[in-house]
Amino acid sequence: MSNKSEDSSALDNLLQTPEQEQGLRVRQFSPGHVRKLGLTRRTRDRRDLKQDENPEEKARKHKEQELQPLYKELLYTIAHKMGNPSSTEVFTDSQLHQFIEEAFTMTESEHESLMKKVENTEPPVYCLMATVKEAKGILGKDVSGFSDPYCLLTILEDEEESRTRRSRSKPSKSVVKDAVSDDKIYTTDIKKQTLNPIWNQTFVLEFEDIAGASFHLEMWDKDEEVSLSQKLEDIKSNFNSLRRMIKDAKKEKGTDDFLGKVVLKLQDLHCTDDSWYNLEPRTETYPDRGQCHLNLKFIHKARDGTLSAGRNAYINYCGILQQFVHSYISKQQSSVPWKGALCGEAQTLLELYATQNDLSPFLQDLAKWVAYSKLYQSLEVDSSLLLQQLTSIEYHWHQQKLPYQQKQELGDSLHGFLQYGLCLVAKYRDIFLPTPNATPKLHTLLRILVQICKTKAFQKLNPAEFELHDEVSEAIQTGTHEWFTIKKGLHQPMTKDLSEIVGALSRLITEVQEDIKHNMDVWNRVFVSAVQVDVFTVVYQKFDSLLAQEVRETLSVIEGQMEQAIANSLFPVYLSLQAIHKDKAFLQKRGSLELINFQEGFREALPYWLNQAFSTTQDRVERAVQVDQLQPLQTGAVPIKHSSSAVDLVSCIQPICQLWEQLSWPDPEEAFMLMVKLTEDVCKIVVNYCHILKERVRVLSKDSDPGSAINMLCVVVNDLEHLRSVLTRLPTQLNWAGLRDRTQDVIGESQFHNTLPSQLQQAQSVLCREIRSALDTLGKKLNTDIETHVRNMSTRRRIPSKSTEDAAAPLMRYLEQELHYMNDNLVQENFNSLLTPLWNNSVKILHQMATQHLQQEGLMVFCQRLLYTLQCLEQCFNAEGNGLPLTTLHSDEYKALKAQLSHNSLSSRQLLEKFLDRKISEQNVYGGEKYGAVTLLTSYRRSDQRLRVEVLNAVNLLPMDSNGLSDPFVQLSLEPHHVFPEVETRCTQIKSCDLNPLFDEAFEFLVSLEQCQAPGACLVVSVLDHDILRTDDFEGEAFLALRSIPGVPEQREGDGVLVTQPDAVPAQIRLSLMHPKPNEDSILSLLESRKGEREAQAFVKKRRQREKQSQEGLQP
């Protein structure tokens, strides 16, 4: 047992340099952790160096005690090497000596000294370890078609082989039997009746000199004596084997059959060969004799034990491997992790040493695992190497058994690396940074830990239960606590000043927040994919308890001492805690958290935060207005018509909206009150902005010209309009809808909508009032100028001095100039708001001018000018659809004014024509025969220009006489008189005492087609009651447009060409009789006012007389 402990201690010393011994730190585990890991072995004693020894003395002792024995082993290996290395590159002894001299940092004198010692040692016994594994496709020599093969193995050296040849007079199949004594011949087992035998037998063949020596293997078929009855039985069963049996009978009884041989020169072999070899014949008979699978390896027996006394080959192999790796890495001078590559000399020496000492592949892989796992703790070694070695160990574990000592070594190595790996996991923040280069290393480390726990070796050597998932979680928690403690110490305040204490807490929480983000975004994917540990949840829950305690302690110190500076320093703390609190949504397991109501500790600071935001915003707004020159920010293709202070105000209000988003106050009811306060502050700032902006206008316009004052007023209006649009978007910016959803269980619907919207509405009403006031100021100036221009258009002379266009031109130029200016300097909303009252006032001014012009002289010309002006104004304000819509322009006042001006602008004859057209329209829509009806037969002959009217009858006339009857007759006249000046009125005969008279009389009027098609041309049919002593009574009248009489309308073809038409066929028409409404016709009133025109007066007199005789106003 003591020897095993010494070997393990030697291995530990070999795997660490003196510097590594000083710097190695092992994680301390709890008793429970020790139990889980199965660390029941006693701690191995280490030959610790004295602490007071200087580094030079330590290095000297290390070289003398550890490196020189390994160096001598390598010199001995080179001196007694056998076989060729597997690498294609071949190295001489001097090259190998130079390499190990550099790798072990030996001086020339040290090399010579150690070389002499090696030369004086006893040489080893040279051996060839031959393993006969199997054969395939061999010859079948027996009657059954199979063979009973066995093999003979030996090594023949040059003298023995030549002596054997000379002694043979004739060729012999048996070279091995004849060449050497039986004690140098090794025989395998006999495999019965097979052509594919499997042996898997190993033999160690000694030899003296590799030069000229050769390895011989002969395969024979064992022939045993068989009885005659058995032979006959074989003949009966298989006639095909008769020839074989005859041949067999000719040979001597008990003589074995030769199956083939393999002859290999030892100089041509590698250190280790594992191949299939063809079985060669003695003669050309049966050249294809199958193949034999051999494993050949050169080994040493009886190596000198003084080279590395007390150490076995496995320990030496581990030390040599580590020294080669250290030497290789030190020469590379690269930051890239070592990926297992070694130079050709190192690979050759390791292969020679392993084969000469008969180290199995299992032991070699075990040595590599032990060495690489130790190197991993001190050098940059690629983690994939460890995974490869673990895979190899797991494979070999199922194939062969390890000696007890190596089992213990493997168990200790797996334990040690598991401990070290958990130490790294605990410090993963510092070792595996959240970068693309570092996180794969962490992932590979975790995979190695998983692979260790899965290996059968670990499970066999460590029977205690071990859950890697729990151990990794515990390591993460421990490491998180240690990290937090370290960061807390780094940010410890230097004094007891409250602001400094809060600042230290803020910096600590900021680092925690950043760490949580890295765990969530980077490290969590690594841990989950490798060991199924949700590191984010583990870390978050640990930080939750640590931060909650830290925040409570800090706030308890501040309690009762709150002031603005301390509140300001607490705000970053609140924001960081809120961000951490929001991350809880990503937790996989929702347990009880201590930071769930973190905002409660900040209630005392909340009013200070709101006051700071309000006062800061207010100061910024006042400074912005003080430097504002009330000029548009940008002109050109994309103008910005408001000034700088409006933009500054929006940017000043934005932080208040951001404050709401930053606070995201968790308590719904308190959040609603907070929203009320923020909305109130915004509205106060807006209203105050209106007041100081008006004062700014007053100051700037005091010494400026009127044009500049108007310009500044336009900018102010734009500023207020811009601000109003900003207020309109405020509910969206502050997310009132989201707040409503959160507070619907604690705040009533009516309370919510009666509070927040009312605040906003009050501020908007103030803005609208100020906008209207400014627009009214602009509108008043424009209205005054418009009225002045309209008054200048009036004239007292009948013949105007200017045309209508010239008279209205000054007003239109003025409006075009001013409206263009306003459009350029006002935003569209305000410009439209200005246009509407300006249009209404313009219509009102024109109406006043029209009604105030009492003189009849020049009234028509003045009204024509006003009508033209009204039409121009309509086009100006509509601006081809870009200004006010026609529905807004065509108000009732506009329609009345246009009708009035249209009538006053017409001549008397035009008015007469318009009057008659109106009567014709009334006739066409008149329904019923309240006053009776008259039937006519009318036509117009173009051939002789004669209008023929035949009065057929009248019906349902009113009784006008006392006897209840009437004496009716029909009067026909063509109107207007100025169109038919020479046409006389025609009358029918009087029909006495008849209310349904039959006239049947025809009348012809000589009139031209142009007269019939003239405006207002009509046939006026009047039915009268004849009285002898009094004026004839009025029965009714009807109006027939001459255009509707057959023969008068033009007829055209489809292409618009007039068609020459024959005389039209008379058409019968029944006209209802009408009575005029007294004093309701505006045209008559207008004609009546034109006293100087006789024709108009005569027509009015006639129509007034008819109105007096009308019964329209008498009957219900």
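In strand E13, the bridge partner of Asn 953 is Leu 998, where strands, like helices, are DSSP runs numbered from the N terminus, a strand (E) having at least two residues and a helix (H or I) at least four. This bridge belongs to the link between E10 and E13, which run antiparallel and are joined by 7 bridges; two strands are said to pair if DSSP finds at least two bridges between them. The model is a predicted one, in which local features need pLDDT of at least 70 and side-chain atom pairs count only at pLDDT 80 or more, while totals for chains, interfaces and linings use all residues. Residues are numbered from 1 along each chain as its sequence is written, and side-chain values use heavy atoms, with hydrogens and water left out.

Strand E10, which covers residues 946-955, also pairs with strand E9 (residues 933-941), in the antiparallel sense and over 9 bridges. In this pairing Val 934 has Ala 954 of E10 as its bridge partner. The hairpin of E9 and E10 has 4 residues between the strands, and in this hairpin Gln 945 takes a positive phi near 50 degrees. Strand E10 is mostly covered, since 7 of its 10 residues are buried, a term that means under 20% relative accessible area, with exposed meaning over 50% and partly exposed in between (1.4 Å probe, protein chains only). Gln 945 is in turn touched by Ser 1008, which also touches Tyr 940, when residues up to four places away in sequence are not counted; contact here means heavy atoms within 4.5 Å. Ser 1008 itself is found in the loop between strand E13 (998-1006) and helix H35 (1009-1012), and it counts as buried because its relative accessibility is 17%.

A further group of 4 strands forms an open sheet in the order E3-E2-E5-E6, with antiparallel pairing. Strand E3 (186-187) and strand E6 (257-265) stand at the edges with a single partner strand each, so one side of each is left without a neighbour in the sheet. Within the sheet, strand E2 (residues 149-156) is mostly covered, 8 of its 8 residues being buried. In a regular strand the side chains alternate between the two faces of the sheet. In E2, Pro 149, Cys 151, Leu 153 and Ile 155 point one way, whereas Tyr 150, Leu 152, Thr 154 and Leu 156 point the other way, and all are buried.

Strand E2 is joined to E5 by 8 bridges, the two strands running antiparallel, and to E3 by 2 bridges, again antiparallel. Leu 153 takes part in both links, with Leu 217 as its bridge partner in E5 and Tyr 186 as its bridge partner in E3.

The loop between E3 and strand E4 (198-207) holds Asp 189, which counts as partly exposed because its relative accessibility is 41%. Although Asp 189 and Cys 151 are 38 residues apart in sequence, they are 7.7 Å apart in space, C-alpha to C-alpha. When its neighbours within four places in sequence are left aside, Asp 189 is in contact with Pro 149, Tyr 150, Trp 199 and Gln 201.

Among the helices, H14 (residues 383-399) has 17 residues and reaches 25 Å from its first C-alpha to its last, close to the 24 Å expected at 1.5 Å a residue, the expected span being 1.5 Å times one less than the number of residues. The buried residues of H14, including Leu 386, Leu 390, Ile 393 and Trp 397, pack against helix H13 (361-376), helix H15 (404-426), helix H17 (439-454) and helix H18 (456-461).

The largest nonpolar core has 212 residues, and Phe 324, Trp 369 and Phe 527 have the most contacts inside it; such a core is a set of buried Ala, Val, Leu, Ile, Met, Phe, Trp, Tyr and Cys residues joined through side-chain atoms within 4.5 Å. A second, separate core of 34 residues includes Leu 947, Val 979, Ala 1038 and Leu 1042.

For the protein chain as a whole, the secondary structure comes to 37 helices and 16 strands, and 48% of the 1116 residues count as buried.
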